[in-house]
Amino acid sequence: MTSGRIDPATLAVMQNALRQIVNEMDLALERAAFTPIMSEARDRANGLYDALTGEVITQGDTGMPIFVGVMQFAVQSALADYPDLGPDDVVMLNDPYRGGTHLMDVKLVRPFFYRGERFAVLANCGHWTDIGGAVPGGFGVRATEIYQEGVRIPPVMLMRNGVIQEDLLKLLFANTRVPEERLGDLKAQIAAINVGHGRLTALLDKYGAAEVRRYMRELTERAEQLMRAYVAKIPDGDYSFETNVDSDGLILEPITVALDLKVRGSDIELDFSRSSAPVKGAMNGSLSATVSSVYVALKHIFPEVPINAGAFRPVRVNAPETTFLNAQFPKAVSGSSAEVSLRVVDAVFGALSQAIPEQVPAACFGSVENFTISGYDPESRKSYIMFRFSGGGYGGQPGIDGLSNGSAPISAARTSPIEVLEALYPIAFNHYRLREGSGGAGQFRGGFGVSFEISLLRGEAVSSVIGDRGIYPPFGVQGGGAGALAEVRYTLGGQAYRPQHVTKDEGVAMLAGDSVSIETPGGGGWGEPWQRDPAAVIRDLSLGLISQDMASRIYGVAAVGSGAAWQCDEAGTRKLRASRVASQPATNIPPSTRQRAMAEPETAES
């Protein structure tokens, strides 16, 4: 059993056993959490990490992908501050500069001991719907310092020898809203760690610590080999791409993610040093979030590579402190996840689309439109904070249209069910539907975003939103068109109100009867729209996803009929496509919007 030979069957069993341990941790956290953002939307992750280096060994199937690298940084920070952690000690942190994203993502780290020896580290992360600060929910658009965003927790001892430090919690919860929910979610995170401890103990009891460690080492080495094999297939070269965050919420100017990507053999280097300088507002990114976003982007392109530290070894990321992608204390960072992180993913996709166009999709919708509404419910006589994020359209890719209403590519989360939110909070969804026509045109079109409207039923409330892609749309590739822009609109006292920064605002006062409407972007298109199969165009038209005008003007397909009974006029289609005008924009965005969106187009160089 302990010989040097690696048995393939045992390797597969060990890989799945380790992953199942973390899957059970995810499930335990989901079932025990108090707030819908963890229990329903799955804005959480658990992982298993190396006892000495803190590097990731495995993460669960439904954990947030961006937390893969982020928690690795967090575990390393915890081990650095507390090198002599005992078997029943638990460290807590959310510091963006020490392995965090934004303050709302709270991590727990517990060493795992087996027969007196530290064997591994168990850790998890969950999004708390409040962490104090000036704005309920933590998404403060106008924050210029971390102090304004909430309570920053460096690595601190939450539990010593299995005993929770009550004084620490007393101080923490005195500075957060709705503290009973925070306590419930914290205990759910502790419970998940305990589940992992029990399951890992059972695995080592069965196979022995030395054998499990040997197979973990083999899994790491094989992940590196597999990633190197994929990178080696990318043509050696230098590839550059630029994409923009709309603004920092304070100054209406674009913030550029500029990527210079270099491939040499089986190594890949991603240099972000030409990106914009740190910004005044909250759209700065933490280094851990930036690096993890790169890992996630590569995982999308090479999905067969398993999640562990070996997969990251061929990858080198340079994001210097001179850029907004490596925020330094005390810069505000509430937009780090997900908006800034999503733009990093876009940049990786854009650069690699030049090198391996058949493997890389167009841009995803790229903005979850983080929305918070909070107040006092006079019916339940309780204060509340409702936070939700939204799905959108994925980019088209060779052979397949983009997914509609998918989760963000840094995420494996779900949208909280409408029924749950309406039962818990004094709100009502007036509609929730696919946003027709929002997918970028292409041979394989982008997926569609969503459109929804929320009304406040009673009491008074304030709301905030941090989104993006309201000025610069998700780009298409290989001749595909851009997806539709994000839109945020309020109706307050019967009067229309739109945020100056399109998708970013805070402290919007709402009274009963007021409403907010949010429309998320569609994904970019892949390939020339006039090359799209006419049958696919007719199907979209029959389903009400595009208009007859779009079918004709953008796709060059003549359609006859009405309602759900459209047919292709083959002769008319041949005529339209034969007379195609080269200057016709490959997009479904109205001209006035397109002018606003593409004032400074995203660029690619190779």
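Strands β12 and β13 (residues 382–388) pair in the antiparallel sense over seven bridges. Strands here are DSSP runs of E with at least two residues, helices are runs of H or I with at least four, and both are numbered from the N terminus. Two strands count as paired if DSSP finds at least two bridges between them. The structure is a predicted model, in which local features need pLDDT of at least 70 and side-chain atom pairs count only at pLDDT 80 or more, whereas totals for chains, interfaces and linings use all residues. Residues are numbered from 1 along each chain as its sequence is written, and side-chain values use heavy atoms, with hydrogens and water left out.

Residue S374 shows both pairings well: S374 stands opposite I385 in β13, and the bridge partner of S374 in β16 is V462. Six of the eight residues of β12 are buried, so this strand is largely enclosed by the rest of the structure. Buried means under 20% relative accessible area, exposed means over 50%, and partly exposed lies in between, with a 1.4 Å probe and protein chains only.

Strand β4 (residues 105–114) and strand β5 (residues 117–127) pair in the antiparallel sense over ten bridges. Two residues lie between β4 and β5 in this hairpin, and R115 in the turn has a positive phi of about 50°. Within the pair, the bridge partner of F113 is R118 in β5. Strand β3 (residues 90–93) is also paired with β4, antiparallel and over three bridges, and here V91 stands opposite V109 in β4. Nine of the ten residues of β4 are buried, so β4 is largely enclosed by the rest of the structure.

Five strands form an open sheet with antiparallel pairing, in the order β14-β15-β20-β17-β18. At its edges stand β14 and β18 (495–497), each with a single partner strand, so one side of each is left without a neighbour in the sheet. On average, neighbouring strands of this sheet are turned by 15° against each other, direction ignored; the axes are lines fitted to C-alpha atoms, for helices over the stretch in contact, and angles run from 0 to 180 degrees between N-to-C directions. Seven bridges join β14 to β15, which run antiparallel, and A428 stands opposite S455 in β15. The loop between β14 (427–434) and β15 (450–456) holds R435. At 13% relative accessibility, R435 counts as buried. Beyond its neighbours within four places in sequence, R435 is in contact (heavy atoms within 4.5 Å) with residues including F448, E487 and E519.

Turning to the helices, the axes of helix α1 (residues 8–32) and helix α6 (residues 209–232) come within 10 Å and cross at roughly 90°. That makes α1 roughly perpendicular to α6, a term for angles of 65 to 115 degrees; those under 35 count as roughly parallel, those over 145 as roughly antiparallel, and the rest as oblique. Helix α1 contributes T10, L11, M14, Q15 and L18 to the contact, while α6 contributes V212, Y215, M216, E218, L219 and R222. By class, this contact has seven nonpolar, two polar and two charged residues. Ala, Val, Leu, Ile, Met, Phe, Trp, Tyr, Cys and Pro count as nonpolar, Asp, Glu, Lys and Arg as charged, and the others, Gly among them, as polar.

Another helix, α7 (residues 287–301), contains T290. With a relative accessible area of 2%, T290 is buried. Leaving aside neighbours within four places in sequence, T290 is in contact with A319, L325 and V344. Residue A319 lies in the loop between β11 (315–318) and α8 (336–355) and counts as buried at 6% relative accessibility. Not counting residues up to four places away in sequence, A319 touches F272, L287, T290, L325 and N326. The C-alpha atoms of A319 and L287 are separated by 7.1 Å, although these residues are 32 apart along the chain.

Finally, the cysteines can be considered. The structure holds zero disulfides, a disulfide being a pair of cysteine sulfur atoms within 2.5 Å. C125 counts as buried at 0% relative accessibility, whereas C568 counts as partly exposed at 28%.
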